[in-house]
Amino acid sequence: MEIFQNIRALGPIFAFAWAVTIIFILWKPQRYFNSFLLIGALIVSMVFASGFFTRNAAGYFLLACYLLIMLGLLLTPVFLIVNGVQMIRKESVCPAHLLSLGLGIAVGVGEVAAVIWVLGLSETVRTGDSYRLIMFTVLTVFYFSFLVLSFVIYSVFIQIMPHRMNFDYIVIHGCALADGVRPGRLLTARLDKAIEVWQKCEKKPFIIPSGGQGDDEKLSEAQSMANYLLEHGIPREMILQEDRSTTTMENLEFSKEIIDSRGGGRRIALVSSNYHIYRCLRYAAKIGLRCTGIGAKVALYYWPSALIREFVAVFVTKGFLIWSMIGYVLFICPVWYDLVFR
């Protein structure tokens, strides 16, 4: 009886949280605010799941969930550092491939500071400038780690959201060619995913391979992709090349020009690597292109650094940067001010 009472009490909250989250995601999937709604819905789900236990068992269940989350947080910097070393070994040494290593070290410093903060070593440390600096470090690392975590969770969630397989156009985002002629691993995965989507559509959509020619490439990425599509059975008349773009935004702008010149399309799929989809959706919304993002898988070791790179690219955009700084001033700075001047 107690279990059923718990479920009846928590059920409406659970249903409401997920209904609001799903509605907002379907309405405007590019909104970063959705990531906070998703985290809230996941927390509500955890509490709702505890309702399936008796009162004492529910407490143990929530404690186990809390301990698992804490363990995950403690292991996060270790995972990031190991991944950073793996990226250097398998790829190359460059700023983009050092992101997971750098973030792992930063989060590790924050966690060490948090341990010192909690232990409080001595009364002198608690009241001195060192303790204030430690607490400020903890709060800062926690705030920006939360932004990254919410971005990662949301980026994964929009990949598993079900979507229809009935499109008018499929836009494939280009990337560097492996030998200046043939698609590399990332681009091949995108092409294979686009072909898979095309084959599942009842009415076959047009495919727009999008990408210009780089300085070290012998032909445009669009042409290389078109060659691959032709080799894999896509009819030539269904391929509309966009060969002028050099950035993700230009991929979308010039592809939209092609679509608009043909009378437009209501059902458009954007195919790119899974870590890239969220940024594509943000850019598409800016130019008024309503679409569905479909991600191609990448090597597991490559994914963390790539996703962090995507977060940085989104973070430095004007709107995101302004709102994140406002949040920092509102939630972190008052605590710091109280510590320094109380």
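Predicted model: local features only at pLDDT ≥ 70, side-chain atom pairs only at ≥ 80, totals over all residues.
A pocket, as I use the word today, is an open set of grid points with protein on both sides within 12 Å along at least five of seven lines.

Two or more lining residues are given by each of helix 1 (2-27), helix 2, helix 6, helix 10 (277-286) and helix 12 (318-331), and it is helix 12 that gives the most, with 9 residues. Sorted by class, this lining holds 14 nonpolar, 6 polar and 5 charged residues.

The largest pocket, for its part, holds about 1400 Å³ of space. Around it stand 35 lining residues, and those nearest its centre are Ile 69, Leu 73, Thr 76, Ser 145 and Leu 149. At least two lining residues come from each of helix 2 (33-50), helix 3 (55-90), helix 4 (99-119), helix 6 (129-160) and helix 11 (303-315), while the largest share, 10 residues, is supplied by helix 3.

Let me move on to the cysteines. How many disulfides does the structure hold? The count is 0. Taking Cys 94 as a case, the closest cysteine sulfur to its own belongs to Cys 175 and lies 14 Å away, which is too far for a bond, given that a disulfide calls for sulfur atoms within 2.5 Å. With a relative accessibility of 22%, Cys 94 counts as partly exposed, whereas Cys 65 counts as buried because its value is 15%; the cut-off for buried is under 20%.

Is Ser 255 buried or exposed? Its relative accessibility is 2%, and therefore Ser 255 counts as buried. A polar atom of the Ser 255 side chain lies 2.6 Å from the backbone oxygen of Asn 251. If we leave aside the neighbours within four places in sequence, the residues in contact with Ser 255 are Val 171, Ile 208, Ser 210, Glu 242 and Glu 250.

Conventions:
Residues numbered from 1 in each chain as written. Heavy atoms only, no water. Buried < 20%, exposed > 50% of the residue type's maximum accessible area, 1.4 Å probe, protein only. Polar contact = N/O pair within 3.5 Å; in protein donor to acceptor, adjacent residues only side chain to side chain. Contact = heavy atoms within 4.5 Å. 1 Å grid on protein atoms, 1.4 Å probe; cavity = no way out; pocket = protein on both sides within 12 Å on 5 of 7 lines; lining within 4 Å. Points joined across faces, edges and corners; volume = space filled by probe spheres on them. Helix = DSSP H or I, 4+ residues; strand = E, 2+ residues; numbered from the N terminus. Nonpolar A, V, L, I, M, F, W, Y, C, P; charged D, E, K, R; others polar.
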